[in-house]
Protein chains: 2
Amino acid sequence: MPRLVAGVDLGGTTASLALADLDGTIVHENKIATESYGGPQRVLERIAEGILALAEEAGQKPAALGIGLPGLVDMESGTSRFMPNLPTNWVNVEVSQILSALIGCPVKLINDARAATLGELRFGHGREADSLALFTLGTGIGGGIAIDGKLRLGPIGAAGEFGHLAVLPYGPMCGCGNRGCLETLISGPALTGEAVRLVRSGRAPILNELVKGDISLVTPKTMAEAANAGDDVLKATITLRGEYLGIGAANVVMIVHPEIIVLSGGVAEMGELILEPVRRTIRERVSMVPTEAIRVEKSQIGERAGLCGTLALAADTVTGEPS
Amino acid sequence: MPRLVAGVDLGGTTASLALADLDGTIVHENKIATESYGGPQRVLERIAEGILALAEEAGQKPAALGIGLPGLVDMESGTSRFMPNLPTNWVNVEVSQILSALIGCPVKLINDARAATLGELRFGHGREADSLALFTLGTGIGGGIAIDGKLRLGPIGAAGEFGHLAVLPYGPMCGCGNRGCLETLISGPALTGEAVRLVRSGRAPILNELVKGDISLVTPKTMAEAANAGDDVLKATITLRGEYLGIGAANVVMIVHPEIIVLSGGVAEMGELILEPVRRTIRERVSMVPTEAIRVEKSQIGERAGLCGTLALAADTVTGEPS
């Protein structure tokens, strides 16, 4: 039987778990709710139980595990540092050590967006590009860069924090302490917050009809549907926010000149409504780096990119490949 | 006799030429005025004559030559693409081919700020750091990044265009077509332009005294002298513009997490007046990447960084080292 590795993608409310072979082919997987489990210790115990249950199904323990967390982690020590989007306090939790003791294999910790970048690099657009920059556009905004076919992590795995690029440096305060970050402008909540204002003020009648007045149904998906069906004010605000994202992407282009910019996460599901203003803004704003050949595309592997990345990270630990 | 290589740093009005051994020790050098020579062909001929004169002094021809140009170049083909700060049209000039035919050795073309980054990496702060980001702050603003001890150039050598990061995306138009670029805010002319307004409106009395009313003497150097001697409005404007630079530097930190940010060029000669607001702004605005260990310093080799970089690039051609 081929050796297996494990991957975990931990979000605000759920954790995706998987066992895969060293090529990344998933053999067993599961999703668990984590919200009700309280603090980090209990969440990590629940994750370990889930992984051990998958291992029992597979008839073997994983040779290594990769886990992605949504925030600042120290990859070198395997410690979480700052998780602004998790419900409880994850400052200085020795994630790798705790999970390793519970499961009995080496554990590699990584930021979830960097994991998604590694996933996209190995299994998505990266198969045809040597360098890429990936934006994860969800509740928070993360990012990652790959250069010369390798994930670029920086000394502790913190490089690629696109969500906190100041696009309007004197704009809204962000949870990170900076102002006018992309996360304040084009995250899921930033977009739906604006759409709800438009619904309430009668400026998004099609969206209002679509969600039948229930604003909890206002999501990037319903917003896109309404904008494409003729809600023009809504479409204009999506375009404007796509241009903000384009300003951030233009900065990334000028600093690293990637071959492809990949958008993933719920907001990317809006498709051309977001991709077009990003492409146009890059063309309009960048002349000192040639942009004709730079592609701006949706992720090829979507929401599974993060999980695939943690599996690749775990496999690299076993095979000795540098990520 | 050791083998020699040649380096050329071409600016708007002068070109610095040097011959050095493969370790970068300069054995002969010269500076020539280029302004009056007209178009690119004549300027390149004059450079070739200058290099051949140095070669005659040294008793040997260079084994390779590196040349830095202030703008977008295609390193792969050795062609200049777009030089917004040169007095004549340098679009699509086959620089490497022309110089190679005139001098009789391989010629490598590079953007001048990337050359300065390579110089700083090999002979300056890079001796104690594996990764760095360098800002050249002169008539224009350029940049470059080094990661894992290597210059990061991108597919054609365009990565690192810090001067055109949009720091105020709805701010002043830049010559590059973008808006609110660092170059519009903290280049030498942007700073001295503001200082001249202050002199004329009586708000910079010490500077006015210092230059005896001759505004052509308003330079970053005299501005710093006056600000340190008590011109408080002037000092406040330098601080504000240093904060703009800090916003751009914060973006670079979030994308690549370098160990050190290096400032070079005339504006960097203001020292702490500029370094302090950059350091403070990075600390204030970046929390998703740890900033305590990130240093912000003046270049260790100053205005010679570009020339040293072209010599290193030429030496790499001879020894087969990747730059």
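A crossing of two helices is called left-handed if the near helix is turned anticlockwise from the far one by less than a right angle, and right-handed if clockwise. In this sense α7(B) passes α8(B) in a left-handed crossing, with helices (H or I, at least four residues) and strands (E, at least two) taken as DSSP runs numbered from the N terminus. The structure is a predicted model, in which local features need pLDDT of at least 70 and side-chain atom pairs count only at pLDDT 80 or more, whereas totals for chains, interfaces and linings use all residues. Residues are numbered from 1 along each chain as its sequence is written, and chains are lettered from A and ligands numbered from 1 in the order in which they are written.

Along its principal axes, the C-alpha trace of chain A extends over about 55 × 45 × 35 Å. Of the 323 residues in chain A, 57% are buried (20 or more other C-beta atoms within 10 Å of the residue's own; exposed means 12 or fewer, and partly exposed in between, with C-beta atoms placed from the backbone). Counting contacts in chain A between residues at least 6 apart in sequence, 62% link residues at least 24 apart, a contact being a pair of residues whose C-beta atoms, placed from the backbone, lie within 7 Å.

Within chain A, the axes of α1 (residues 40-58) and α2 (residues 95-103) come within 10 Å and cross at roughly 40°. Axes here are lines fitted to C-alpha atoms, for helices over the stretch in contact, and angles run from 0 to 180 degrees between N-to-C directions. The angle makes α1(A) oblique to α2(A) (under 35 degrees counts as roughly parallel, over 145 as roughly antiparallel, 65 to 115 as roughly perpendicular and the rest as oblique). The crossing of α1(A) with α2(A) is right-handed. On the α1(A) side, L44(A), E45(A), I47(A), A48(A), I51(A) and L52(A) meet V95(A), I98(A), L99(A), L102(A) and I103(A) of α2(A). By class, this contact of α1(A) with α2(A) holds 10 nonpolar, no polar and 1 charged residues, where Ala, Val, Leu, Ile, Met, Phe, Trp, Tyr, Cys and Pro count as nonpolar, Asp, Glu, Lys and Arg as charged, and the others, Gly among them, as polar. A55(A) also lies in α1 of chain A and counts as partly exposed, with 19 C-beta neighbours inside 10 Å. Neighbours within four places in sequence aside, A55(A) is in contact with L19(A), Q60(A), K61(A) and P62(A).

In chain B, α7 (residues 220-228) and α8 (residues 232-256) pack at an angle of about 120°, their axes 8 Å apart, which makes α7(B) oblique to α8(B). M223(B), A226(B) and A227(B) of α7(B) make this contact with L234(B), K235(B) and I238(B) of α8(B); the residues involved are 5 nonpolar, no polar and 1 charged. V218(B) sits in the loop between α6 (205-210) and α7 of chain B and is buried, with 23 C-beta neighbours inside 10 Å. Beyond four places in sequence, the contacts of V218(B) include V196(B), L207(B) and M223(B).

The two chains meet through 33 residues from chain B and 33 residues from chain A. On the side of chain B that touches chain A, β9 (141-147) and α8 each supply at least two residues, and α8(B) gives the most, with 7 residues. That side of chain B divides into 22 nonpolar, 8 polar and 3 charged residues. Helix α8 (residues 232-256) of chain A packs against α8(B) at about 75°, with axes 11 Å apart, and the two helices are therefore roughly perpendicular to each other. N251(A), V252(A), I255(A) and V256(A) of α8(A) meet N251(B), V252(B), I255(B) and V256(B) of α8(B), giving 6 nonpolar, 2 polar and no charged residues.

Most residues other than glycine have a negative phi. N92(B), not a glycine, has a positive phi of about 60°, and D148(B), also not a glycine, has one of about 50°. N92(B), in the loop between β6 (79-82) and α2 (95-103) of chain B, counts as exposed with 12 C-beta neighbours inside 10 Å. D148(B), in the loop between β9 and β10 (150-152) of chain B, counts as exposed with 11.
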